[in-house]
Amino acid sequence: MNEYMEAALEEAKIAFDLGEVPVGAVVVRGGEIIARAHNMTETIKDPTAHAEVLAIREAARALGGWRLIGCDLYVTMEPCSMCAGAIVWSRVERLFYGARDPKAGAVGSLFDIPGDSRLNHNPEVVVGVMEEECSAIVKDFFRELRIRKR
């Protein structure tokens, strides 16, 4: 499990270096990473270019279909409502995330979209995978951002 979150953290570091909020994601199927991505909203000027959405899109292309049955998603930060919806609709089997997002998280913090039994799919969710490392990169990013704005 940690090896996949470490791969997601590598993606988050790429985002950090680009000046993006450092979130990374990988999609795993059958023990193999089939897609990886990091936040790109600022770089490509697209509000939907979150790591999770980009990784889901790449995985769907790799598999030749939009249903990611049998796939696990590892993401460094709790997904927002848009990403949580994409996780449900793409049929990701299991979601693993590191750091909670009390301001925008939609997998337990503000909302629990994947856990809503009214939806047609409810992925298993595992919270807190490498939480300290995942939280630290986000804290470092915003600390540096505040210093640069002074």
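Modeller: Start with a definition: buried means under 20% relative accessible area, exposed means over 50%, and partly exposed lies in between. Keep in mind that this is a predicted model.

Colleague: Is Arg-36 buried, partly exposed or exposed?
Modeller: The relative accessible area of Arg-36 is 30%. Buried needs under 20%, and exposed needs over 50%. Arg-36 therefore counts as partly exposed.

Colleague: Which residue forms a salt bridge with Arg-36, with the closest N and O atoms 3.2 Å apart?
Modeller: Arg-36 sits in strand 2 (residues 32–38), and its partner sits in helix 1 (residues 2–18). The pair links distant parts of the chain, 26 residues apart. With 3.2 Å between the closest N and O atoms, the partner is Glu-10.

Colleague: How many salt bridges does a search of the whole structure find?
Modeller: Side chains of opposite charge can pair when their charged atoms come close. The cut-off used here is 4 Å from a side-chain nitrogen of Lys or Arg to a carboxyl oxygen of Asp or Glu. Across the whole structure, the number of salt bridges is five.

Colleague: What is the distance between the closest N and O atoms of Asp-72 and Arg-94?
Modeller: Asp-72 belongs to strand 3 (residues 71–77) and Arg-94 to strand 4 (residues 94–99), so their pairing ties together parts 22 residues apart in sequence. Asp-72 is buried at 8% relative accessibility, while Arg-94 is partly exposed at 30%. They form a salt bridge, and the closest N and O atoms lie apart by 2.7 Å.

Colleague: Is Arg-118 buried or exposed?
Modeller: Arg-118 forms a salt bridge with Asp-116, the closest N and O atoms being 2.6 Å apart. Asp-116 is partly exposed, at 22%. Arg-118 has a relative accessibility of 74%, so it counts as exposed.

Colleague: Which residues do salt bridges with shared partners join into one network?
Modeller: Arg-36 bridges to Glu-10. Shared partners extend the set into one network: Glu-10, Glu-11 and Arg-36.

Colleague: Which element gives the largest share of the largest nonpolar core?
Modeller: This core has 44 residues, and those with the most contacts inside it are Met-5, Val-27, Leu-68, Leu-73, Tyr-74 and Leu-95. The elements giving two or more residues include strand 1 (24–29), helix 3 (51–63) and helix 4 (81–89). The largest share is seven residues, and it comes from helix 1.

Colleague: What does helix 4 pack against through its buried residues?
Modeller: The buried residues of helix 4 are Cys-83, Ala-84, Gly-85, Ile-87 and Val-88. They pack against helix 3, strand 3 and strand 4.

Colleague: Is Ser-90 buried or exposed?
Modeller: Ser-90 lies in the loop between helix 4 and strand 4. Beyond its neighbours within four places in sequence, Ser-90 contacts Ile-56, Trp-66, Arg-67 and Leu-68. Its relative accessibility is 5%, so Ser-90 is buried.

Colleague: How far apart are the C-alpha atoms of Ala-106 and Cys-80?
Modeller: Ala-106 is in the loop between strand 4 and strand 5 (124–127). Ala-106 is buried, with a relative accessible area of 0%. Among the residues it touches are Glu-78, Pro-79, Cys-80 and Phe-111. Ala-106 and Cys-80 are 26 residues apart along the chain, yet their C-alpha atoms are separated by 4.9 Å.

Colleague: Which residue has its C-alpha atom 4.6 Å from that of Glu-124?
Modeller: Glu-124 is found in strand 5 and is partly exposed at 44%. Its contacts, leaving aside neighbours within four places in sequence, are Glu-93, Arg-94 and Leu-95. The residue 30 places away along the chain, with C-alpha atoms 4.6 Å apart, is Arg-94.

Colleague: What is the volume of the largest pocket?
Modeller: Of the 20 residues lining it, the closest to its centre are Val-21, Met-77, Asp-101, Val-138 and Phe-142. The lining divides into ten nonpolar, four polar and six charged residues. Helix 5 (residues 131–149) gives the largest share of the lining, four residues. The volume of this pocket is about 420 Å³.

Methods: Residues numbered from 1 in each chain as written. Predicted model: local features only at pLDDT ≥ 70, side-chain atom pairs only at ≥ 80, totals over all residues. Heavy atoms only, no water. 1 Å grid on protein atoms, 1.4 Å probe; cavity = no way out; pocket = protein on both sides within 12 Å on 5 of 7 lines; lining within 4 Å. Points joined across faces, edges and corners; volume = space filled by probe spheres on them. Nonpolar A, V, L, I, M, F, W, Y, C, P; charged D, E, K, R; others polar. Buried < 20%, exposed > 50% of the residue type's maximum accessible area, 1.4 Å probe, protein only. Core = buried A, V, L, I, M, F, W, Y, C linked by side-chain atoms within 4.5 Å. Contact = heavy atoms within 4.5 Å.
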